[in-house]
Structure formats: structure tokens, C-alpha cells
Amino acid sequence: MNKVNDRSRDIGEFISQYDDNMIICRCEEITKGEIRKAVHDGMFTITEIRRYLRAGMGLCQGQTCSKLVKAIVAGELNISPARLESVMSRAPMRPIEMKILGNEGGR
Amino acid sequence: MKRYDVIVVGSGPAGLSAAIEAAEKGLKVVVFDENSKPGGQLFKQIHKFFGSKEHRAKMRGFKIGEELLREAEKASVEVVLNAIVVGLFLDKEITVNINEEIVHYKGDAIIIATGASENMVAFDGWTLPGVIGAGAAQTMMNLHSVKPGNKVLMLGSGNVGVVVSYQLLQSGCQVAAIVDAASKIGGYGVHAAKVARCGVPFYLSHTIIKAEGDEYVTGVTIGEVDSRFQVIPGTEKYFDVDTICVAVGLSPMSQLLKMAGCDMEENPKKGGFVPLCDEYGETSISGIFAAGDVSGIEEASSAMIEGRISGAAAAYKLGFIDKEELEIKIEKLEKALSSLRQGMFGPGNKGKDIFRTEEGYDISINLLKKGYLTDEEVMKYPGVKFIKGIHPVIECSQNIPCNPCQDVCPQKCIKIGEKITSLPVVDEDSTCIGCGLCVASCSGQSIFLVNEDYEEEYTSVTLPYEFLPLPEKGTRGIALDRSGHRICETEVVEVKSPSAFDHTNLLTIKVPKEMGMKARFFKQQGVGI
């Protein structure tokens with residue numbers, strides 16, 4: 001386990017901030033406060049944050065907020081954002097309708 | 001499943017260049033792009049590019065795009081638009097969403113040239129309508145002829161921020177201010193000077209505190225930041241704007257490469273998450289290449305060369321050219337690429353504070369903080385000389401890779417030399433004929449023709465002018481200095497716009513003698529600019 005993922009590490013209490021109501025993920029309407037709280041709930045990786053809150057899982061697939069979310073999580077863990085692993089990248093890369101995804105060569 | 005020798009993803013400068021290079025060697029090449037028009041960001045670039053002849057310097061971006069499309073067609077490159085590549089898999093197979101269908105393709109080589117996406121910054125009110133990316137502003141103005149707003153505040157003083165600010169002015173918007181949290185202007189000094197002389201103020205070490213408005217942007221409050229980027233209370237400033245434009249950098253769109261399993265790294269110097277590539281742009285997976293911004297944020301000119309390199313490398317890999325031909329090709333391209341990467345804005349100098357030019361001239365602190373050279377500072381540079389009669393005054397004070405002024409002068413008045421980042425030197429012994437080619441060819445619009453002997457009491461100043469309506473001979477207006485301040489009344493005595501100037505009109509204004517080295521912009525009465 002790398003140091004970043006060490007859940008036994010004490011990251012302190014959640015203390016609310018004046019801009020916790022600010023929306024960070026526009027597509028899924030996730031606020032800064034929700035992301036900060038999620039870290040204190042034990043979500044130390046971006047993948048976990050995505051599954052827990054759906055931040056970065058909407059229409060733009062995190063194109064806009066990925067770096068913002070990363071900076072907030074890193075700030076809460078008191079580490080450099082570069083140390084947080086990027087999320088998995090898997091097909092389909094862009095949002096797509098199920099009927100199109102299922103339509104492979106007319107089959 | 002359809003097969004090609006080379007599949008290119010993205011039809012921007014890197015992708016098209018890669019496709020052309022490979023197709024010219026006889027490979028069967030297809031390019032997929034998710035947009036309805038090819039060219040990536042090139043068709044939004046209405047300004048003239050830097051570099052030298054081999055980099056297509058002094059050509060406007062969209063014209064380079066048109067040229068690339070012609071070359072691609074000639075080389076029989078197949079360009080498929082509205083085609084979204086949704087997956088890149090083992091064995092170089094891709095899935096593409098075309099016309100409500102998922103189509104599988106396989107390539108012997110795959111070149112990923114997906115470019116980059118814009119970064120955002122969160123501040124109070126950043127989700128309000130009216131907060132837009134600089135790229136969106138360019139799309140609206142330069143592709144769809146729509147003004148993004150009336151009064152705009154630009155966040156970000158890098159090249160994108162200053163170039164788009166200038167384009168906003170050209171489209172008839174007012175630019176209230178350019179704001180950056182950094183303590184110095186990030187873009188080329190010449191780009192900053194173009195907007196400063198139009199009267200746009202720079203606020204360095206400032207950030208946006210709040211976008212005002214309930215339904216949409218009605219104003220913005222900014223504040224000064226300390227060395228830890230915290231707002232200093234009491235430094236708040238309010239601007240009445242309807243649009244906030246954000247130009248705070250780009251991130252590589254490298255998801256397809258990660259999906260395929262290429263070795264990746266988080267590299268802040270390259271703008272984010274990028275593939276590890278060899279000198280040909282080949283990733284850790286044999287036959288998968290990355291070219292352009294997706295492999296590290298730079299600019300369009302270097303993206304085109306990277307594309308060429310990957311295209312040639314793919315041709316070699318598939319046996320269409322031999323090792324010798326590849327090496328000759330690559331050596332030439334590497335040389336062109338390395339000359340673009342020289343100078344104080346080169347990737348190797350990213351984040352460094354540079355106080356002197358390569359020649360030992362002081363870098364103007366005023367230029368870095370306010371966007372213009374002072375009257376005293378400008379006199380120090382080798383492009384500024386007092387010569388009898390008409391002569392060029394070159395206010396170029398930073399080492400950037402650019403030399404069209406040297407190439408176009410028929411009298412050989414301007415010398416840069418072999419190293420294209422050197423400051424241009426005006427040769428006092430040569431005779432300027434006042435043709436104006438240097439003024440029109442300067443992508444940074446930093447060359448002026450000055451004639452102190454124009455009339456007994458008047459000096460003439462010839463300046464580049466890219467605004468509408470175009471003044472006529474006899475049009476009266478106000479001369480502005482480098483900081484955009486009004487200095488005197490003036491009159492246009494000549495307007496030149498031959499096709500060789502490519503829409504950079506040359507206005508000659510006459511000003512009182514003492515204003516000859518101050519007047520650098522012409523403001524028409526009753527016109528916003």
C-alpha cells in the first residue's frame with residue numbers, strides 16, 4: 001500500500017469552509033464540501049470519489065472538473081496532486097447512447 | 001473490420017501533419033475527428049504564427065489549416081468527420097461512433113493526436129452563464145461570427161489569454177482587464193504589448209474572488225494575492241463586465257492512450273497526464289504513437305513537426321521507407337523542432353525567472369508586469385536606432401523563435417542571424433525604403449516605421465492595424481502610447497493594404513516631433529478601439 005492510500009493516517013477533523021457550497025462537478029452538481037467530506041469518510045483515491053459521489057461521471061466525463069477534484073482531494077490529504085493516481089480510462093471514451101453502443105455493424 | 005496502414009485520431013495540426021507524411025510515403029491513411037470540421041484549433045487562429053519560413057511563420061493559423069487540408073487531399077488521406085473514437089484496444093484496434101453505429105477499425109500503426117482540453121478554475125459564481133473558456137470565445141468569434149459578450153474580463157495572461165484578448169478587441173468587445181495570479185505575464189511580451197497599447201490594463205498577482213450576478217454574470221470582483229495565493233483583504237476591485245473568459249492552461253486529452261495500456265506519467269511540465277514516448281513519439285506499445293498536445297502541451301507549430309515525425313516513423317515501421325530515408329527526414333524535422341523550442345519561452349525554461357536576454361540586454365520588468373515597455377526601456381534594444389529618414393523601430397525585447405522580419409526586408413536592414421531567437425538588430429548603414437514589409441510580417445506587431453524628417457514639425461509613424469472600420473487618409477483620431485494612454489491628436493496620412501500584407505493594414509499617422517517615439521496606436525473617434 002502506498003502512503004497516499006494509508007487509511008490509518010490521521011488527516012484531522014472535517015472543518016467546514018466558507019466556499020463548501022461551491023459546485024465543482026457541474027454535470028453531477030457535486031460541491032466542494034461534498035468532496036472534502038468524502039475524503040474524511042475514507043475516500044482517498046479519485047476512483048473512490050467517483051464511485052462515491054459521481055463527481056466526474058457526468059456528461060463531460062470529468063473533462064472540466066478532474067483537475068479541480070484532484071486539487072481538493074490532495075489538499076484534504078495534504079499531499080501534492082501529482083501523487084494522486086488518475087482514474088481508470090475505459091471505453092466508451094465519450095458519452096454514448098446505449099442503442100448506438102449496442103449497434104455494432106447492424107448486428 | 002476495416003483495415004488501414006495508419007489510423008490517426010484527431011485532425012488538428014499534429015494529426016493532419018502525421019497523416020500527410022505517412023500518406024505521401026504510400027501508406028493507406030484514415031483520420032477520424034469527432035468534430036464536424038477538420039483542423040482542430042487551427043481554424044480559430046486568425047493571428048499570424050511565429051517561427052521561420054520552414055514553420056510557416058507569418059501565416060495566419062486558419063490559412064495553415066487550409067494548406068494542410070489541401071496537402072492531405074492531394075496525398076489521398078481519408079478524413080472522416082463526426083467520427084468519435086470511443087475505444088483504443090490491444091492489437092491496435094479502435095471503435096468509432098459513426099452515424100449511430102459502432103464501427104471497428106484496425107491499423108498497423110495508430111497515431112493519437114487528440115490534443116488538449118481547457119483547464120478551469122473554481123471561484124464563487126464560476127458556473128454562471130457568462131463564464132466561458134478562451135477556446136469557447138474563439139469558437140464563437142472566429143468560427144461563428146458571434147460576439148461572446150460586450151465587456152469581458154480575461155483570467156490568464158499566457159499566450160492564449162493575451163491572443164484571445166486581442167481577438168476580443170478585434171471583434172468589438174471591450175476588454176476590462178487581464179488578470180493573472182502569477183506575478184508576471186506568462187505570454188510573449190509582444191502579444192501583451194498589442195493589447196496594452198489598446199488600453200487594456202494587466203492585474204498581475206490578482207485572482208477572481210467572485211463572479212457577480214444571480215442569473216448570469218453582471219460583474220466581477222478581483223483581489224490581489226500574496227505569495228501563497230491568498231487574497232489580501234482590502235485589495236478588492238470591481239469590474240462591470242458581462243463575460244469572464246478563462247485561459248488558465250490546457251491538459252492533454254490522453255485517455256485513449258491510457259485505455260490502450262501505454263505507460264503514462266503525471267508531468268506538470270507537460271501540462272498533466274502524458275504517455276512516455278521515444279524520440280519518434282512512439283509510446284510503450286509498439287506501433288502506437290502520440291503527437292502534438294496530447295503528449296505535452298506546446299503550440300501548433302511544434303505539433304505539426306511532431307506529427308510529421310510520427311508519420312515518418314510509422315512509414316519506416318511498416319516498411320515503406322528505409323532507415324536512411326527516415327534518418328535524413330528526422331534529422332531535418334528535429335532541427336526545426338529544436339529551433340522552435342529555443343528562447344526564453346521554450347519548454348526548458350518553463351517556470352524560470354529570466355532577467356536578461358541571450359545577448360545580455362535587461363528584460364523589461366514593466367513589460368512583464370504591465371505589458372508594455374517604457375519610453376526609456378525601449379531605447380536600449382538593438383532594433384531601436386535613430387537613423388535619418390524613414391527607418392524601422394523594432395520593439396522586440398525577448399528571445400522568441402521568430403525571424404520573418406529578417407527574411408522579408410529587401411534592403412537587408414534587419415539582422416537576426418542563424419539563431420532565430422536572437423533579437424533583431426537594425427543595421428544603421430543600410431537604407432530603409434519604407435516598404436513596410438517588416439511591419440506587416442511581424443507576428444508580434446512590434447515593428448513600426450518612424451520618420452523624424454517627415455515634416456519640419458511632424459514625425460510620421462507607420463503602425464500595423466488589424467481593426468475595422470479601416471481609417472482612410474485624412475481620418476482624424478487620437479494617438480495612444482504603449483500603455484494605451486492618449487497623447488495627442490493625429491491624422492492618418494497614408495493607408496496601405498496590399499495583398500502581400502495579408503490583412504495587416506499599415507496606417508501612417510503624423511504626430512508632433514516629440515511624440516514620434518511614443519505614439520504606437522491610432523484610436524478613431526467614435527470607434528470602440
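This report covers strand pairing and salt bridges in a predicted model.

## Basis

The model is predicted, so local features need pLDDT of at least 70 and side-chain atom pairs count only at pLDDT 80 or more, while totals for chains, interfaces and linings use all residues. Residues are numbered from 1 along each chain as its sequence is written, chains are lettered from A and ligands numbered from 1 in the order in which they are written, and side-chain values use heavy atoms, with hydrogens and water left out.

## Antiparallel sheet in chain B

Seven strands of chain B form an open sheet with antiparallel pairing, in the order S20-S23-S24-S27-S26-S25-S28. Strands are DSSP E runs of at least two residues, helices are H or I runs of at least four, and both are numbered from the N terminus. Two strands pair if DSSP finds at least two bridges between them. Strand S20 (390–394) and strand S28 (521–524) of chain B are the edge strands, each pairing on one side only.

Strand S25 (residues 476–480) of chain B runs antiparallel to S28(B) and is joined to it by four bridges. Within S28(B), Gln524(B) is the residue opposite Gly477(B).

## Parallel strands around S10(B)

Strand S10 (residues 174–180) of chain B is largely enclosed by the rest of the structure, because five of its seven residues are buried (buried is under 20% relative accessible area, exposed over 50%, partly exposed in between, with a 1.4 Å probe and protein chains only). Strand S9 (residues 151–155) of chain B runs parallel to S10(B), with five bridges between them; Val152(B) has Val175(B) as its bridge partner.

S10(B) also pairs in the parallel sense with strand S11 (residues 202–204) of chain B, over three bridges. Asp180(B) stands opposite Leu204(B) there.

## Salt bridges

Over all chains the structure holds 37 salt bridges, each a side-chain nitrogen of Lys or Arg within 4 Å of a carboxyl oxygen of Asp or Glu. In chain A, Arg7(A) pairs with Glu48(A), with the closest N and O atoms 3.0 Å apart. Arg7(A) lies in the segment before strand S1 (23–25) of chain A and Glu48(A) in helix H2 (residues 46–53) of chain A, so the pair ties together parts 41 residues apart in sequence.

In chain B, Glu21(B) forms a salt bridge with Lys329(B), the closest N and O atoms being 3.0 Å apart. Glu21(B) sits in helix H1 (residues 13–24) of chain B and Lys329(B) in helix H8 (residues 323–340) of chain B, 308 residues apart. Glu21(B) is buried at 0% relative accessible area, whereas Lys329(B) is partly exposed at 26%.
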